[in-house]
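Open the model in your viewer and show it as a cartoon.

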Amino acid sequence: MTDASLLTEERIPTFVRGTRLQHDRVRDQWVVQAPEKAFLADPIAAEILRRVDGHTTLRAIIDDLATAFTAPRDLIARDVQAMVQDLAERQVLTWKA
């Protein structure tokens, strides 16, 4: 389990080695592929995960989403942080060193 207090907006999320987001064109659905597992990303998760490139800070991802959806930044930040933390605990995402 990771310490939520270590989750700051300056951190850079990245996919764990062997894990990636892929668009299934046949089903028109975003899928997270990982060794020996896969799961569908709902539209909100897909919007967040499409911005995870191993170079972009959490702050920049949140700012981009708030702008793209004309939504309150604090609401977007709370949702993004919760999802990223959950996926880090599930070993889908990690933090770039």
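Colour the protein chain from the N terminus on, and its elements run β-β-β-β-α-α-α-β. That makes three helices and five strands, where helices (H or I, at least four residues) and strands (E, at least two) are DSSP runs numbered from the N terminus. This is a predicted model, in which local features need pLDDT of at least 70 and side-chain atom pairs count only at pLDDT 80 or more, while totals for chains, interfaces and linings use all residues. Residues are numbered from 1 along each chain as its sequence is written, and side-chain values use heavy atoms, with hydrogens and water left out.

Next, select the C-alpha trace, which spans about 35 × 30 × 20 Å along its principal axes.

Switch to a coloured surface by burial. Buried residues (under 20% relative accessible area, 1.4 Å probe, protein chains only) make up 35% of the 97 residues.

Now go to the largest pocket. A pocket is an open set of points on a 1 Å grid over the protein atoms alone, where a 1.4 Å probe fits, with protein on both sides within 12 Å along at least five of seven lines; lining residues have an atom within 4 Å of a point. Select Ile44, Glu47, Ile48, Leu65, Phe69, Leu75, Ile76, Asp79 and Val80, which line the largest pocket.

Which helix gives the most to this lining? Helix 3 does, with four residues. Show helix 1 (43–49) and helix 3 (73–89) together: each supplies at least two residues of the lining.

Key:
Buried < 20%, exposed > 50% of the residue type's maximum accessible area, 1.4 Å probe, protein only.
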